[in-house]
Amino acid sequence: MEKGTFYITTPIYYPSDKLHIGHTYCTVATDTIARYKRMCGYDVMFLTGTDEHGQKIEEKAKAAGVTPQEFVDNIVTAPGGIKDLWKLMNISNDRFIRTTDDYHVEAVQRIFKKMYEKGDIYKGAYKGMYCTPCESFWTESQLVDGKCPDCGREVHYAEEEAYFFKLSKYAKPVQELLEGGEFLEPASRVNEMINNFIKPGLEDLCVSRTSFSWGIPVDFDPGHVVYVWVDALFNYCTALGLLNDKYSDFDKYWPADVHIVGKEIVRFHSIIWPAMLMSMELPLPKKVYGHGWLVIDGGKMSKSKGNVVDPYKLADMFGVDALRFFLLRTFPFGSDGNFSNELLISTINTDLANDLGNLVSRTTAMAVKYFGGTLPAEREHDALDDELISMAKDAREKYAAQMDKFQLHLALEEVFKLIQRANKYIDETAPWVLAKDEAKKPRLAAVIYNLLETLRIALIMLKPFIPESCDKAFEQIGADEACIAWETAATFGVLPASVTVVKGETLFPRVDMAKALVELEKMNKPAGPVFPPVEPNVTIDDFAKCDMRVCKVLSCEAVKKSEKLLKFTLDDGSGTPRQILSGIHKFYEPEQLVGKTVVAILNLPNRKMMGQDSCGMLLSAVHEENGKEELHLLMLDDNIPAGFRLC
Ligand code: ME8
């Protein structure tokens with residue numbers, strides 16, 4: 001029954017922070033499409049992974065006092081990390097690529113060299129405005145109110161020797177590709193790309209960096225690392241074996257059938273990516289689908305706003321399938337969706353607990369109550385059945401039409417129309433009345449059988465969305481492997497005539513909205529440290545006696561044979577360097593502090609520590625709780641000159 005191959009990808013995620021519900025949305029949607037295609041008989045390759053290089057990761061690792069590799073390992077593979085999240089969410093990816101994998105690194109070096117040798121990459125100098133969080137250079141005309149057009153943050157002038165990719169050379173074929181109408185969806189994104197990026201003129205793209213080192217080295221020019229987006233985009237090919245020996249199914253699966261990406265990275269996927277593939281003389285992906293964002297109160301989720309929704313917590317509280325279902329049932333895939341806990345809970349209650357859950361439990365309960373679990377083969381048809389039966393038979397086609405367009409919420413709408421119709425059918429046929437009359441048992445058997453068949457068909461269509469719950473439900477309605485194949489979903493009457501059902505656990509318990517909201521509120525409130533009370537026991541005169549000055553760290557080194565002490569040489573504005581020892585080695589490496597602007601109390605008596613003079617004390621912010629000490633050396637704006645007094 002194989003229908004050919006289907007290669008589908010998610011973006012590869014930045015392991016700079018823990019992933020949130022927005023990333024989960026993207027991955028769950030892709031997983032559902034992959035599962036659907038497998039069910040239809042395609043040989044599916046589903047790829048996801050992590051995009052581990054770049055300045056942002058290098059800086060975060062530095063701030064955390066670990067190497068960049070340790071930093072990303074901690075987010076990708078450590079318990080509770082990205083790989084665990086996908087396992088928890090039942091993501092069925094066939095491969096997981098990390099851009100730090102050796103085979104990818106080597107393949108990207110070969111790719112870069114190939115484009116260079118072809119003349120599509122050349123050396124020049126980059127001058128422009130740079131957004132550090134987005135790792136993007138922008139021209140003045142692209143800035144919005146002087147800020148980064150992608151994230152709205154400050155940009156700064158940067159200049160460096162760099163390699164450039166001849167993006168301008170491919171402007172015309174890329175525009176034609178976009179105008180073709182098949183490549184980029186939803187269609188609204190096509191105009192955005194053409195009007196905002198291609199029509200103003202595509203400039204050549206800076207594809208190497210020298211200002212940091214956490215990237216794939218350009219092997220023929222040490223000091224340059226490959227621009228993170230070139231490195232990242234080619235993951236889709238290297239993970240199949242392009243220019244490496246790790247895998248060997250590039251010819252089988254490439255070109256990709258669809259890259260699922262969020263709207264803010266459509267530009268990279270629909271302009272830069274095809275241009276680079278054209279340069280490499282490789283076939284282009286068949287489609288890029290740009291989905292919307294999950295937002296909160298209309299705005300983006302962000303760590304700084306403190307409104308990031310943790311998928312681990314929600315899955316733990318409501319179940320993995322309930323969360324998967326909510327994400328895809330509620331929000332049209334191409335547009336933004338406003339996330340709220342209320343919406344999540346009401347979707348679970350209405351669709352899963354009431355409509356689907358009740359239909360399964362009522363139907364199986366009736367089969368057990370009236371027939372001891374096994375239906376008699378003798379059944380009596382009634383014209384009342386026709387509408388339900390024909391709706392059930394037609395549902396697969398309607399569902400597939402939506403699934404094939406990635407309109408996942410509309411596909412679910414088709415399934416739920418059927419489920420709601422079946423619930424209405426129970427009211428219309430009133431089985432509890434039929435049960436009172438022995439002569440009506442064949443009619444009662446027909447009603448229950450029709451309900452089971454409708455459920456079987458609905459569950460086949462729901463399986464890509466909520467796989468685990470469907471397996472449980474199949475067991476309850478007595479559907480074995482042969483009865484749950486996609487091929488059987490447009491046929492009515494597949495369950496054996498004397499099918500046996502098993503009354504099982506409640507699939508989707510109703511959630512008490514008020515209680516759950518309180519619990520969520522509690523979970524989201526950070527426990528926070530408990531600080532000691534403030535006591536007003538110092539006079540202003542006491543305070544004024546402390547001579548606190550701004551100092552610059554000239555040098556800093558660990559004191560030999562001491563685990564704790566760092567020795568600072570400071571410029572305190574007097575012209576004579578000052579030495580202070582401070583027990584903060586546990587919190588800082590000496591090289592992190594050189595050049596920093598700090599505060600010291602200078603009029604304390606000198607002290608000897610480990611045989612060395614300490615002339616003053618550095619100020620830090622400290623907190624100790626449950627035996628755990630946290631310390632931050634007080635650092636000031638570097639514009640403040642040494643010697644200024646604090647008052
Ligand atoms: O962009 N709602 O990685 P990333 C929906 N490494 N989707 C969201 C979202 C939200 N609130 N927040 C993020 C990168 N996403 C690159 C990709 S691919 C060669 C390189 C989506 O971790 C976002 O739109 O910042 C993007 O598609 C994906 O998560 C990865 O974002």
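Guide: One cut-off to start with: a residue is buried when its relative accessible area is under 20%, and exposed when that area is over 50%. Keep in mind that this is a predicted model.

Visitor: Why is F492 called buried?
Guide: Its relative accessible area is 16%. The label needs a value under 20%, so F492 counts as buried.

Visitor: Where does F492 lie, and what does it touch?
Guide: F492 lies in the loop between α19 (467–476) and α20 (513–524). Leaving out residues up to four places away in sequence, F492 touches I389, A392, K393, N450, E453, T454 and I457.

Visitor: How far is F492 from N195?
Guide: From C-alpha to C-alpha they are 50 Å apart in space, and 297 residues separate them in sequence.

Visitor: What about V538, buried or exposed?
Guide: V538 has a relative accessible area of 57%. Exposed means over 50%, so V538 is exposed. V538 sits in the loop between α20 and α21 (540–544).

Visitor: On to H291. Why does H291 count as buried?
Guide: Relative accessibility is 4% for H291. The limit is under 20%, so H291 is buried.

Visitor: What is H291 in contact with?
Guide: Setting aside neighbours within four places in sequence, the contacts of H291 are Y25, C26, R189, I260, V261, G262, K263, F333 and G334. G262 comes up again: the side chain of H291 reaches the backbone nitrogen of G262 at 3.5 Å. G262 also stands opposite H291 in β12.

Visitor: Which way do the residues of β12 point?
Guide: Strand β12 covers residues 288–291. V288 and G290 point one way, Y289 and H291 the other, and all are buried. In a regular strand, side chains alternate between the two faces of the sheet.

Visitor: How do you know that β7 and β12 are paired?
Guide: Pairing takes at least two bridges between the strands. Two bridges join β7 (residues 184–185) to β12, and these strands run parallel. L184 stands opposite V288 in β12. Strand β11 (residues 258–262) also pairs with β12 in the parallel sense, over four bridges.

Visitor: What makes β5 and β8 edge strands in their sheet?
Guide: That open sheet has four strands in the order β5-β4-β6-β8, with antiparallel pairing. β5 (136–138) and β8 (205–206) each have a single partner strand, so one side of each is left without a neighbour in the sheet.

Visitor: And how many bridges link β4 and β6?
Guide: Strand β4 (residues 121–131) and strand β6 (residues 156–165) pair over 10 bridges, in the antiparallel sense. The bridge partner of Y130 in β6 is H156.

Visitor: Stepping back, what do the overall figures say about the protein?
Guide: The protein has 22 helices and 25 strands. The C-alpha trace spans about 110 × 70 × 45 Å along its principal axes. Of the 647 residues, 53% are buried.

Visitor: What share of the contacts with a separation of 6 or more comes from residues 24 or more positions apart?
Guide: That share is 74%.

Conventions: Residues numbered from 1 in each chain as written. Predicted model: local features only at pLDDT ≥ 70, side-chain atom pairs only at ≥ 80, totals over all residues. Heavy atoms only, no water. Buried < 20%, exposed > 50% of the residue type's maximum accessible area, 1.4 Å probe, protein only. Contact = heavy atoms within 4.5 Å. Polar contact = N/O pair within 3.5 Å; in protein donor to acceptor, adjacent residues only side chain to side chain.
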